[in-house]
Amino acid sequence: MFLGMADARAVLVKLADRLHNMMTLDALPGAKQQRFAKETLEIFAPLANRLGISTWKEQLENLCFKHLNPSQHEELSSKLVESYDDAMITSAIERLEEALKDEGISYNVISGRHKSLYSVYCKMLKYAIPFLLVAIFFFFNFCFLSSIWVFLPDMPNCTICTLQFLNYSCVYAGRN
């Protein structure tokens, strides 16, 4: 379908249209909602990802998750909304900046964000973790529900810095 579109603008318009359609999907019957959500998750979310539009990808995935797994979406969103704390990400970034400064490691950018509901749900499925353990895991492993990116000039410093920040042993740093 998209290969026949000669103009990249047409692909962007199609993606924006699908995002809007997903936002208004509640007006359609349940069978159409399921069909549109499945198609969106299989085609449009990966396309947005390939084009580098991660915000659209996350929105599409979360909307699909809401329509394909409504009970899991409701349970996860109601419990995780309490756990999402921007101050925690800010604090983690500040601690990481301080650790980098103390070690004399230069860095370009440090940024952080919360993981999307769909991403957390996929991790729960991948690692077979029930929600109760996710809530416990959240307090001990900040990285499960949040992402912090550090852009350093070389890989060895990046690995060492990240492992020190997360309190992992140096044995792990030697693995590729």
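A residue is called buried here when its relative accessible area is under 20%, exposed when over 50%, and partly exposed in between, with a 1.4 Å probe and protein chains only. The model is predicted, so that local features need pLDDT of at least 70 and side-chain atom pairs count only at pLDDT 80 or more, while totals for chains, interfaces and linings use all residues. Residues are numbered from 1 along each chain as its sequence is written, and side-chain values use heavy atoms, with hydrogens and water left out.

| Residue | Relative accessible area | Class |
|---|---|---|
| Cys 64 | 0% | buried |
| Ser 77 | 19% | buried |
| Cys 122 | 29% | partly exposed |

The structure holds 0 disulfides, a disulfide being a pair of cysteine sulfur atoms within 2.5 Å.

Cys 64 also belongs to the H3 side of a helix pair, where Trp 56, Gln 59, Leu 60, Leu 63 and His 67 are among the residues of H3 that meet H1; contact means heavy atoms within 4.5 Å. From H1, the residues involved include Leu 12, Leu 15, Ala 16 and Arg 18. By class, this contact has 10 nonpolar, 2 polar and 1 charged residues. Helix H1 (residues 8–23) and helix H3 (residues 54–68) pack at an angle of about 35°, their axes lying 10 Å apart, and helices here are DSSP runs (H or I) of at least four residues, numbered from the N terminus.

Ser 77 is located in helix H4, which spans residues 70–83, and its side chain reaches the backbone oxygen of Glu 74 at 3.2 Å.

Note on methods
Axes are lines fitted to C-alpha atoms, for helices over the stretch in contact, and angles run from 0 to 180 degrees between N-to-C directions. Helices (H or I, at least four residues) and strands (E, at least two) are DSSP runs, numbered from the N terminus. Ala, Val, Leu, Ile, Met, Phe, Trp, Tyr, Cys and Pro count as nonpolar, Asp, Glu, Lys and Arg as charged, and the others, Gly among them, as polar. A polar contact is a pair of N or O atoms within 3.5 Å; within protein, one must be able to donate a hydrogen and the other to accept it, and residues adjacent in sequence count only if both atoms are side-chain atoms.
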